[in-house]
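Let's take a walk through this protein together, with the model open beside the text. Please keep the viewer handy as the residues come up.

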Amino acid sequence: MKKTRAFCAALIAAGVAVTAASAGSPAAPVIETVPAAPLPEPVYTGGQWTGAYAGAQLGYGDVSGDGTLDGVDGDDTLYGVHLGYNYDFGAWVSGVEFDYDEADIDIGTGAATVEDVTRLKVKAGYDMGRWLPYATAGAARVNTTAGDDTGPFYGLGVAWQATERMTVGTELLRHNFSDLGNAAGADADATTLTVRASLRF
């Protein structure tokens with residue numbers, strides 16, 4: 001009888017010990033999965049002007065005669081297309097461009113009519129992110145009813161990246177032509193102002 005009581009007491013003590021140990025042990029950690037937040041859409045901040053581009057321009061041309069054409073002038077609208085390539089060095093951008101303008105500018109009363117102008121340009125500008133102010137110069141070929149001539153031009157422009165591929169801008173150019181149609185002293189100066197839109201590719 002004494003042995004039975006001792007055995008029961010031992011079982012009760014063991015059960016109490018196990019219960020106490022279970023009550024004191026830390027609970028297993030619960031790991032909750034949190035869905036990853038979606039990445040924000042990239043924001044285009046401009047810059048990096050390297051690449052080829054093509055586009056069109058629309059503007060205004062003013063022609064004034066000099067020498068034997070002194071006092072003869074005219075103005076009208078013009079429009080055309082352009083094709084070029086820029087290279088971005090970081091702070092500075094340089095490029096080359098070919099453009100063509102169709103015109104119908106009467107100079108004086110039947111003295112001559114400017115029919116079209118073709119230009120080959122070099123450009124140098126400063127990378128301001130979305131903005132690119134630049135200077136340009138080169139050679140222009142003018143065709144008129146009084147004759148043709150190739151002369152220098154120079155000017156300023158600015159381009160703005162509306163999107164990653166599309167740019168818009170404006171350009172002011174000054175041209176100097178002499179001896180139109182090989183006529184000595186038949187000189188003319190021309191100023192053009194255009195708005196431009198280009199697609200980079």
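**A network of charges**

In this predicted model, the side chains of Arg119 and Asp99 meet in a salt bridge, with N and O 3.0 Å apart; the term stands for a side-chain nitrogen of Lys or Arg within 4 Å of a carboxyl oxygen of Asp or Glu. Arg119 lies in strand β4 and Asp99 in strand β3, so this pair ties together parts that are 20 residues apart in sequence. Strands here are DSSP runs of E with at least two residues, helices are runs of H or I with at least four, and both are numbered from the N terminus. Arg119 and Asp99 are both buried, where buried means under 20% relative accessible area, exposed means over 50%, and partly exposed covers what lies in between (1.4 Å probe, protein chains only).

Arg119 has another partner to look at. Asp101 forms a salt bridge with Arg119, and the closest N and O atoms are 2.8 Å apart. Asp101 lies in strand β3 and Arg119 in strand β4, so this pair ties together parts that are 18 residues apart in sequence. Asp101 counts as buried because its relative accessibility is 2%. Salt bridges that share partners join Glu97, Asp99, Asp101, Arg119, Lys121, Lys123, Glu171 and Arg196 into one network.

Glu97 and Lys123 are both buried. How many salt bridges does the count come to? The count comes to 10.

Residues are numbered from 1 along each chain as its sequence is written, and side-chain values use heavy atoms, with hydrogens and water left out. Because this is a predicted model, local features need pLDDT of at least 70 and side-chain atom pairs count only at pLDDT 80 or more, while totals for chains, interfaces and linings use all residues.

Now step back to the whole protein. Its secondary structure comes to 1 helix and 8 strands, and from the N terminus on the elements run α-β-β-β-β-β-β-β-β. Of the 201 residues, 33% count as buried. Among contacts between residues at least 6 apart in sequence, 59% join residues at least 24 apart; a contact means heavy atoms within 4.5 Å.

Next, follow strand β6. Strand β5 (residues 131-144) and β6 pair in the antiparallel sense over 14 bridges, pairing being called when DSSP finds at least two bridges between two strands. These two strands, β5 and β6, form a hairpin with 2 residues between them, and the bridge partner of Tyr134 in β6 is Gly157. On to strand β7 (residues 166-177), which runs antiparallel to β6 and is joined to β6 by 9 bridges. A hairpin joins β6 to β7 through 4 residues, and the bridge partner of Val158 in β7 is Thr170.

Strand β6 (residues 147-161) also holds Asp149. Which side chain of opposite charge is nearest to Asp149? It is Arg141, 5.5 Å away, and Asp149 is buried yet has no salt bridge; Lys and Arg count as positive and Asp and Glu as negative, with His and the chain ends not counted. The side chain of Asp149 does reach the backbone nitrogen of Ser178, at 3.0 Å. Beyond residues up to four places away in sequence, Asp149 touches Ala140, Arg141, Val142, Phe177, Ser178 and Leu180.

Arg141 also turns up beside Asp116: leaving aside neighbours within four places in sequence, the contacts of Asp116 include Asp101, Arg141 and Asn143. Asp116 is found in strand β4 and counts as buried because its relative accessibility is 12%.

Finally, visit Tyr85 in strand β2 (residues 73-88). Is Tyr85 buried or partly exposed? Tyr85 counts as partly exposed because its relative accessibility is 39%. The C-alpha atoms of Tyr85 and Tyr53 are separated by 6.1 Å, with the two residues 32 apart along the chain.

Notes. A polar contact is a pair of N or O atoms within 3.5 Å; within protein, one must be able to donate a hydrogen and the other to accept it, and residues adjacent in sequence count only if both atoms are side-chain atoms.
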